[in-house]
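Thank you all for making time this morning.

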Amino acid sequence: MKKLLLALLTGVISVSLIGSGAESASAAGKPKQVEVLLNTIKMKFPDAKPFQDAQGSVMVPIRFVSEALGAKVTYSKEGKVSKVGVYSKDHKVDMTIGQTSALVDGQKKDYGTQIMLKQNRTFVPLRLVSEGLGEKVEWDKIGRWVWIGNKNFRSTDDKEFKLTKLSDFKAYTKSDRSFRDINGKVHTGVKIIKESDLPIRLADSQVVYSLDMVKSKKTGEDLIQIRASEGGYPISFLVKNDFAKPRGVIDFLFTDNRDDTVMNYYPIVSSLDKFHNGDYIENYDYSKFKLNSADYILLKSLDWENYAIAIVNPFK
């Protein structure tokens, strides 16, 4: 029943968007930075970052990854030859800078890409991490993410994500229409998350992986792209002391990534903004809306009932 209502809701919102002229979308700007996630949490690298080399090999700084996994890293130099060792409870890896092979638990293995020194950090092919440290490793080419370890996602239900009372969020609730559950009851509060918290499970519902701004290849208009485990959920832009600005998925841009994730696309400017708390305002100029005027993006679902979820606008 909830899924049916969701389909009806998003269908109504999406109808007004079909004339937008957007037929395909592409990520704006340069390719995204390669990210490394350890047990679904993004790792932070203070200087040298992971990257993909000219032949497509994903290279990661071995020290930070190894130490995060509880292994010890050693360095030595014999003349002009630099050696690196990685030792854990169960595994031992010996490497030489400039070579394509490494000694893994006493066996020589070739990785086809040179172990290199860059920005005073030792970079190794991603496969060496899995074979050398015995970890499950996966390359996510869509997100340009390196997954290491498990995929037990954090949830907004977790205690680390505090509930903000709706009364303390009143500057964004000029209308409470966007803050009601499946039964029409007003949420008790809001869980506020940041882009850095992604990927994250929304309550016990969908997983949201990423939020990006992309452009329509045909019209050049900016769109919001949300990669998630499910599709069809609406969002709203929250502007201080203004009505929530709802957006539905642009149906004909919806993409199944065929990796248990989908891409949802949303317009930034929409004539839906002519509706204020359900009332149609004939002369309201919706075209003046700017994304950076929104402080939060409300992530909607009909699957959770206790609280709303808002992500701090990463595009301000």
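What you see is a predicted model, in which local features need pLDDT of at least 70 and side-chain atom pairs count only at pLDDT 80 or more, while totals for chains, interfaces and linings use all residues. Residues are numbered from 1 along each chain as its sequence is written, and side-chain values use heavy atoms, with hydrogens and water left out.

Here is the overall picture. The protein has three helices and 27 strands, where helices (H or I, at least four residues) and strands (E, at least two) are DSSP runs numbered from the N terminus. Of its 316 residues, 47% count as buried, and buried means under 20% relative accessible area, with over 50% called exposed and the range in between partly exposed (1.4 Å probe, protein chains only).

Now to Arg 154, which is found in the loop between strand E14 (145–148) and strand E15 (163–165). Is Arg 154 buried or exposed? Arg 154 is buried, because its relative accessible area is 17%. Its side chain makes a polar contact of 3.4 Å with the side chain of Glu 160, and a polar atom of that Arg 154 side chain lies 3.0 Å from the backbone oxygen of Asp 197. If we leave aside neighbours within four places in sequence, the residues in contact with Arg 154 (heavy atoms within 4.5 Å) include Thr 40, Ile 41, Phe 161 and Arg 201.

Let us turn to the aromatic rings. Rings of Phe, Tyr and Trp (its six-membered ring) pair if their centres lie within 6.5 Å, and planes under 30 degrees apart count as stacked, over 60 as edge-to-face and the rest as tilted. By this rule the count comes to 13 aromatic pairs. One of them joins Phe 153 and Tyr 209, whose ring centres are 5.7 Å apart and whose planes stand at 80°, so the pair is edge-to-face. Phe 153 lies in the loop between E14 and E15 and Tyr 209 in strand E18 (residues 207–216), so this pair ties together parts that are 56 residues apart in sequence. Phe 153 is buried, with a relative accessible area of 17%, and Tyr 209 counts as buried at 10%. Together with Trp 145 and Trp 147, Phe 153 and Tyr 209 form one aromatic cluster.

Finally, the nonpolar cores, each being a set of buried Ala, Val, Leu, Ile, Met, Phe, Trp, Tyr and Cys residues joined through side-chain atoms within 4.5 Å. The largest has 27 residues, and Val 60, Val 86 and Met 95 are among those with the most contacts inside it. Elements that give two or more residues to this core include strand E7 (81–87), helix H3 (126–133) and E14, and H3 gives the most, with four residues. Apart from this core lies another, of 25 residues, among them Tyr 266, Phe 289, Leu 291 and Ala 294.

Note on methods
Polar contact = N/O pair within 3.5 Å; in protein donor to acceptor, adjacent residues only side chain to side chain.
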